[in-house]
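Subject: Structure handover

Hello,

Here is the structure I promised to pass on. My notes on it follow below.

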Amino acid sequence: TSTLGRSKAIVIAEEIKDINPAAEVLVETQGISRVNVNDFIQGSSIAVDAIDYHLPDLSMIFHRVARSYGVTVLVAVSAAWNSYLFKFIPQGMTFERYIGLNEGCDPAEALRNPIPLLTFCPEPPSYVSAALVKKILKEKADIPAVAPAVNMTGAILAATIYFELSGTKILKPVPYYYATGDLFHSGPKRVPLWKRLLFKLLG
């Protein structure tokens, strides 16, 4: 509650500096726009598209600028109890093609043609009604998300950034995607007998 009403950008910058006082953090409280998108991406090793789902035209511009600078873009999405990670590389499938539009089209086309739900939510949860999905697509409702899934989204994004920058693991770009798995549908698993015997021998 101590941060209610304050800019997210400033609060997060303070947290980063609290963790690492030597970190250099550039704060932009106005968010990304057509005017400053170049400044956000130029000189970056990797870019994260965290633009609102209902602003696909701005996302398209963001991706095009990143592509022009040869910068990989990551998109992390929370949907109900699941999290997804999508990777766009400069030489791979474009954002507009991935969302079903022609390459080089006017960004306004993305506003006139809603992004299909399966594009960034490939495994729709059965417990979300079709009526709610329709409301989301018509911008009459927000995409449902819960705190644990949002935290998983941040974790999968942070891990991917580490993998990409360190070269530890190179993830495949779209149309491939990565998912943490729906926590609501996760079921019990049992350690196989051979593993239990192996652990017993090793112990």
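I start with the core. This is a predicted model, and its largest nonpolar core has 29 residues. Phe86, Phe88, Tyr98, Ile99 and Phe120 have the most contacts inside that core. At least two core residues come from each of α2 (37-41), α3 (56-68), β2, β3 and α4 (95-98). The largest share, 6 residues, is supplied by α3.

Beyond its neighbours within four places in sequence, Phe120 is in contact with Val75, Val77, Tyr84, Phe86, Phe88, Phe95, Tyr98, Ile99 and Ile115. There is also a second, separate core of 6 residues. Among them are Ile46, Leu74, Leu85 and Ile156. Nonpolar side chains tend to be buried together in soluble globular proteins.

Next, the overall layout. The chain has 9 helices and 4 strands. Along the sequence the pattern is α-α-β-α-β-β-α-α-α-α-α-β-α. Of the 203 residues, 34% are buried. The C-alpha atoms fill a box of roughly 65 × 50 × 40 Å along the principal axes. Among contacts with a separation of 6 or more, 61% join residues 24 or more positions apart.

Now the sheet. The 4 strands form an open sheet with mixed pairing, in the order β1-β2-β3-β4. β1 and β4 are the edge strands, each with a single partner, so one side of each has no neighbour in the sheet. The pairings are as follows:

- β1 and β2 are parallel, over 3 bridges. Ile46 stands opposite Thr72 in β2.
- β2 and β3 are antiparallel, joined by 7 bridges. Ala76 stands opposite Leu85 in β3.
- β3 and β4 are antiparallel, joined by 2 bridges. Leu85 has Tyr178 in β4 as its bridge partner.

The hairpin of β2 and β3 has 2 residues between the strands. Ala80 in this hairpin takes a positive phi near 55°.

How many residues of β3 are buried? The count is 7 of 7, so β3 is largely enclosed by the rest of the structure. In a regular strand the side chains alternate between the two faces of the sheet. Both faces of β3 are covered. Asn82, Tyr84, Phe86 and Phe88 are buried on one side. Ser83, Leu85 and Lys87 are buried on the other.

α3 lies across β1, β2 and β3, and runs at about 150° to β2. α8 lies across β1, β2, β3 and β4, and runs at about 160° to β2.

Helix α8 covers residues 147-166. At 1.5 Å a residue, its 20 residues should span 28 Å, and the end C-alpha atoms are 28 Å apart, which agrees. Ala149, Met152, Thr153, Ile156, Leu157, Thr160 and Glu164 are buried in α8. Seen down the axis, the buried residues of α8 fall within an arc of 135°, so they line one face of the helix. An α-helix has 3.6 residues a turn, so residues three or four places apart point the same way. The cover over the buried residues of α8 includes β1 (46-48), β2 (72-79), β3 (82-88) and β4 (178-179). On the other side of α8, Ala147, Asn151, Tyr162 and Leu165 are exposed. Gly167 follows α8, with a positive phi near 75°.

Best wishes

How values were computed: Residues numbered from 1 in each chain as written. Predicted model: local features only at pLDDT ≥ 70, side-chain atom pairs only at ≥ 80, totals over all residues. Heavy atoms only, no water. Expected span 1.5 Å × (residues − 1). Buried < 20%, exposed > 50% of the residue type's maximum accessible area, 1.4 Å probe, protein only. Arc of directions from axis to C-beta. Contact = heavy atoms within 4.5 Å. Core = buried A, V, L, I, M, F, W, Y, C linked by side-chain atoms within 4.5 Å. Pairing = 2+ DSSP bridges. Axes fitted to C-alpha atoms, helices over the stretch in contact; angles between N-to-C directions.
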